Amino acid sequence: MKSDIEIAQECKMEPIWKVAESLGMTMDDLDLYGKYKAKISEEYLKKLDAKEDGKLVLVTAINPTPAGEGKTTTSIGLGQAMYKLGKKAVLALREPSLGPCFGIKGGAAGGGMAQVVPMEDLNLHFTGDFHAITSANNLLAAMLDNHIQQGNSLGIDPRRVVWKRCLDMNDRVLRNIVVGLGAKADGMVREDHFQITVASEIMAILCLADDIHDLKERLSKIIVAYNFSGEPVTAADLHAVGAMAALLKDAIRPNIIQTLEHTPAIVHGGPFANIAHGCNSVKATKAALKLGDIAITEAGFGADLGAEKFFDIKCRMAGLHPDCVVLVATVRSLKYNGGVPKDQLTTPNMEALQKGIVNLEKHIENLQKFGVPVVVTLNSFISDTEEETSYIENFCKERNCEFALSRVWELGGEGGKDLAEKVLYTLENKPSHFKPLYQDDLSLQEKMETIAKEIYGAKDVEFTAAAYKELQHLTDLGMGNYPICVAKTQYSLSDDAKKLGRPEGFTLHVREVYAAAGAGFIVFVTGSIMTMPGLPKVPAANNIDVTDDGKIIGLF
């Protein structure tokens, strides 16, 4: 079997202007980044405002194995299948982070015969959006430390600097560092921290901003530190907003590429769902809604993370109304949740499947709480048995869910026709009654307790003293009506990655709370989750190389 990169490199891509032309765009509406990728102009996006929205389909998943369950692959294959059925579908996806590309999980270009291309470009530097976000983040950090060095007229307490530097790479040694060592001219010595770029508040801001004006408004509200009186100091106080916006002026514009079958894909932004809000940009999703009959988007990791944040943060802020949810599962992930070791997931095991299917059951129940109809799709693997597949199908139908077997990895759009038909049936016959899980006027603590109990299945929520104190502080600052974004392990419904299946009666541990005031939400950090991941013992980077003729190999 050919690798993903071999399949992608054999694809005869259309010039991107030709793909865009199928959506009604002209060359004047694009800024080309080579032959096969482009940014969509702001002028064209504004012209779309008067157009009617298409239907919005969210693709999410159950709690995954460490290798992931093919959520992006399913999204891409579904888009390709819609085109085969004569439906004008437009994908709205996230950009990959270099962290997983060189780590263990892989990128976000899909897989097999359901990929977006050019795959190498997308998984590496693409159009430079992540570099722009990293630069803007670190410019703000540099201006903050420079202000302290140059007299500190704002009275910033160096012990209460909350803005972190960032890097789009897994690098655990940067989690906790000391800066300012050396001579007096080298700055004030203080503890500092790095996080991965996809966890930066600027990533979230870029993905939630409507336009440059909104971007600058949000950037101005970023809290970078507190002064000696305990008052917040913002990016606006440091006069950093204009320069940051200048770095982001192109990055805020959505990118357009294509699938292996030339279906249009708008790929923009990329916050992780386990440590950030996990959704592609609002601009990309709204553009897809205007450009197609059906917009297909995805939210990261399991539905307890990405889908909840899509509904409670993105849809709330952007006024989106999802019409259908596709919930991706695999036989191997259900067996993993049933306690089977990673190296035994391809072995038939009905007992483990029956034990682990409670994870799927919980995600179905959770999604139905938001009032959106659910289609369950089983991402097919060669090792799956008919007995296993039939058991899962009957389980889903008993819970009022449409079910489809997806073979898009193997067959591309042709292998997604069954799924596409079930989604179309749902859109036409099962109306969405979408509503967020909680109301704005609940307290921050009540919002956290609602998510923990309703979505995760927790019995209690326990805060460290520092987290509880900050919770009260942020409420006093007038942020009590903000939605919340939970940083949590993706491998379990709980905050303990080892608690698989459907854990119940556990206590969720919140160790840190902080404001992403520009993004407009409050982050709750739970368990042992890290916002700067580390590389595995044998990173994927070991196998990546470039041939003498410039061809990238070993990427996936």
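## Pockets and cavities

A pocket, on a 1 Å grid over the protein atoms alone, is an open set of points with protein on both sides within 12 Å along at least five of seven lines, and its lining residues have an atom within 4 Å of a point. Helices (H or I, at least four residues) and strands (E, at least two) are DSSP runs, numbered from the N terminus. This is a predicted model, in which local features need pLDDT of at least 70 and side-chain atom pairs count only at pLDDT 80 or more, while totals for chains, interfaces and linings use all residues. Residues are numbered from 1 along each chain as its sequence is written, and side-chain values use heavy atoms, with hydrogens and water left out.

Let's start with the second largest pocket, which has a volume of about 1200 Å³; a volume here is the space filled by probe spheres set on grid points, which are joined across faces, edges and corners. Its lining counts 43 residues, and Val161, Val162, Lys164, Glu512 and Tyr514 lie nearest the centre. At least two lining residues come from each of several elements, including strand S7 (156–161), helix H8 (201–208), helix H19 (465–476) and strand S23 (521–526). Strand S22 (507–516) is also on that list, and S22 gives the largest share, 6 residues. By type, the lining divides into 25 nonpolar, 6 polar and 12 charged residues. Here Ala, Val, Leu, Ile, Met, Phe, Trp, Tyr, Cys and Pro count as nonpolar, Asp, Glu, Lys and Arg as charged, and the others, Gly among them, as polar.

A cavity differs in being a set of points where a 1.4 Å probe fits but cannot get out. The model has 1 cavity of 30 Å³ or more, and the largest cavity holds about 80 Å³ of space. Among the residues lining this cavity are Glu95, Leu122, Phe126, His131 and Asp168. Helix H7 (residues 129–149) gives the most to that lining, with 3 residues.

## The nonpolar cores

In soluble globular proteins, nonpolar side chains tend to be buried together. A nonpolar core is a set of buried Ala, Val, Leu, Ile, Met, Phe, Trp, Tyr and Cys residues joined through side-chain atoms within 4.5 Å. Buried means under 20% relative accessible area, exposed over 50%, and partly exposed in between (1.4 Å probe, protein chains only). The largest core has 136 residues, of which Phe311, Leu360 and Met448 touch the most other members. H7 gives the most to this core, with 8 residues. Apart from it lies another core of 40 residues, Met119 and Leu122 among them.

Helix H18 (residues 444–456) spans 17 Å from its first C-alpha to its last, close to the 18 Å expected at 1.5 Å a residue, where the expected span is 1.5 Å times one less than the number of residues. Just after H18, glycine 457 takes a positive phi of about 90 degrees.

Most residues other than glycine have a negative phi, and most peptide bonds are trans. Here a cis peptide bond joins valine 117 and proline 118, with omega of about 5 degrees. Proline 118 sits in the loop between strand S6 (114–117) and helix H6 (119–123).

Phenylalanine 126, in the loop between H6 and H7, has a positive phi of about 50 degrees although it is not a glycine. With a relative accessible area of 9%, phenylalanine 126 is buried. Asparagine 152, in the loop between H7 and S7, has a positive phi near 55 degrees. Asparagine 152 is buried too, because its relative accessible area is 17%.
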